[in-house]
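The sequence and the coordinates come first, and the description follows.

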Amino acid sequence: MESLTLVIQCLSLLLILFSTTSLSETPHKIPSLTPLYDSILRRRDSSSSATQLLLPPDFTTYYYDQTLDHFNYRPQSYATIKQRYIVNSKYWGGAQSNSPIFAWLGAEAPIDYDPIGIGFLTDNAARFKALLVYIEHRYYGESIPFGNMEEALRNETIRGYFNSAQALADYAQVLLYIKNSYSAQDSPIIVVGGSYGGMLASWFRLKYPHIALGALASSAPILYFDNITPQNGYYSIVTKDFREISESCYQTIKRSWSIIDTIASQSNGLSILSRKFNLCQDLTSSGELKGYLSSIYTEAAQYDAPPKYPVAEVCSGIDGAPIGADILDRIHAGVVSRKGNQSCYGLYTDIGISGWSWQTCSELVIPIGRGNGDTMFYPAPFDLQRYSQGCINLFHVPPRPHWITTYYGGHDIKLALSKFGSNIIFSNGLRDPYSSGGVLENISDTILAIYTRNGSHCLDLQGERETDPDWLTEQRKTEVEIIQRWITNYYADLQALKK
């Protein structure tokens, strides 16, 4: 269940933005930022009974009357929406002892499963005597204004209030409200987020330092904007992950793309490929199959966590195919090894225009692409002009590719933040492709980079298990010790101030 939750928030970036099918061959695919892989699976199967999860009684759901527009004073700006948040006060030491508040900043998914999936918070709540708060991002889950997502995105005026700055202001409002409600004005707040939520956590600490004492930003690719990070950074790490596991597996995948195109070009080639990969529906283009396989490989790398280690699963199937199997038979064996034996295999279908589509078409322009021969994938360079046209076709407005770095920074980040910011942990696992856009060096004594060589996307946020490797246990321990130091120093400063 834990992996299920973290995967929803970290796989959102794997969604395809512009085509009628999420499997078409296009350079405009942005891998999901969902922190929990299981969340991605839920998103693909919204009818699953798992979506009906009931939270344990320790968690209570509330709704805050949130301001629609925090940054204008027109009459419409004063409209309100219901914003969902969830509280667990089981471990809280109370306002009299100024016990801390740990706030999970929801990202591009409902928060239904976050209280269960983000085990880092519940595992450490007793130690810190912390109040746990989980706040849903506006326009997701039950926090969508004036109806469902489709209606909100169709309304150009309402859609304009859907951005990260408004979301941060939402979190500020809710957290101040909670402080007042619990008479906890002197309780320090630590904000926590994963992937896009990790970006939000780090930006919140920078924008609202009077509200948040510190931030834990897990797998937050805040440097994957405005060409700070090479376009092929993501796919280069996927390639490295596979090649480190098996050179023959890597070579098989690399050689497969041209073979797929060659067969597809034949008169009955798509039917041959559909049968060879035992697909539930016939292919209409080679791009569908290539996109499907690419998603399997990128997800395996992004969420390459113990105990299953998905990259090894795929490669064991490819390398363990029967003697005499051709390259595509080996590729299919890798699919079966990862997904299990099924009567047929369905391509990932388009989930329609989503909130994440809008966010990446407005401000969150992450230029992920790859060239010819620089990774194990077929070429798919990021083309801003084509990307922009796709956004115009969907929403009738072009994206603002430089706005994130204008508003939050990113260029020369060490120079900018070494004397300005404080109390941020940027945690990463270097097997996570998004770590290529993460902060991997300490910026100052209090803005710290904590990473593991074998870690994957948001792995440190999952709950502790007996089978956890030592390096993962040590990473979490380091993060907890840093947060404890922030809080201890805060209490000392508070006491000195009151004297």
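Helix α7 gives the most to the lining of the second largest pocket, with three residues. A pocket here is an open set of points on a 1 Å grid over the protein atoms alone, with protein on both sides within 12 Å along at least five of seven lines, whereas a cavity is a set of points where a 1.4 Å probe fits but cannot get out; lining residues have an atom within 4 Å of a point. Helices (H or I, at least four residues) and strands (E, at least two) are DSSP runs, numbered from the N terminus.

This is a predicted model, in which local features need pLDDT of at least 70 and side-chain atom pairs count only at pLDDT 80 or more, while totals for chains, interfaces and linings use all residues. Residues are numbered from 1 along each chain as its sequence is written, and side-chain values use heavy atoms, with hydrogens and water left out.

**Confidence and overall make-up**

The mean pLDDT of the protein chain (the predictor's confidence in each residue, from 0 to 100) is 91, and 90% of the residues reach 70 or more. Under 50, however, are residues 1–5, for which the model has 32 contacts beyond four places in sequence, and residues 7–27, a stretch with 130 contacts beyond near neighbours in sequence; contact means heavy atoms within 4.5 Å. Where pLDDT is low, the predicted coordinates should not be read in detail.

The chain has 19 helices and eight strands. Of its 499 residues, 59% are buried, where buried means under 20% relative accessible area, exposed over 50% and partly exposed in between, with a 1.4 Å probe and protein chains only. Among contacts with a separation of 6 or more, 75% are made by residues 24 or more positions apart.

**Pocket, cavity and cores**

The second largest pocket has a volume of about 410 Å³, a volume being the space filled by probe spheres set on the grid points, which are joined across faces, edges and corners. It is lined by 16 residues, of which Gly 160, Asn 163, Ser 362, Arg 400 and Trp 403 are the closest to its centre. Two or more lining residues come from each of α7, α15 (355–362) and α17 (403–407).

The structure also holds three cavities of 30 Å³ or more.

A nonpolar core is a set of buried Ala, Val, Leu, Ile, Met, Phe, Trp, Tyr and Cys residues joined through side-chain atoms within 4.5 Å. The largest has 110 residues, and those with the most contacts inside it include Val 191, Trp 203, Phe 242 and Tyr 297. Helix α7 (residues 164–181) supplies the largest share of this core, nine residues. Another core, of 29 residues, lies apart from it and has Ile 111, Tyr 134, Val 192 and Ile 483 among its members.

Tyr 378 lies in the loop between α15 and α16 and is buried, with a relative accessible area of 5%. Its side chain makes a polar contact with the side chain of Ser 294 (3.5 Å); such a contact is a pair of N or O atoms within 3.5 Å, and within protein one must be able to donate a hydrogen and the other to accept it, with residues adjacent in sequence counting only if both atoms are side-chain atoms.

**Positive phi values**

Most residues other than glycine have a negative phi, and most peptide bonds are trans.

| Residue | Phi | Loop | Relative accessibility |
|---|---|---|---|
| Cys 458 | about 60 degrees | between β8 (447–452) and α19 (470–498) | 0% |
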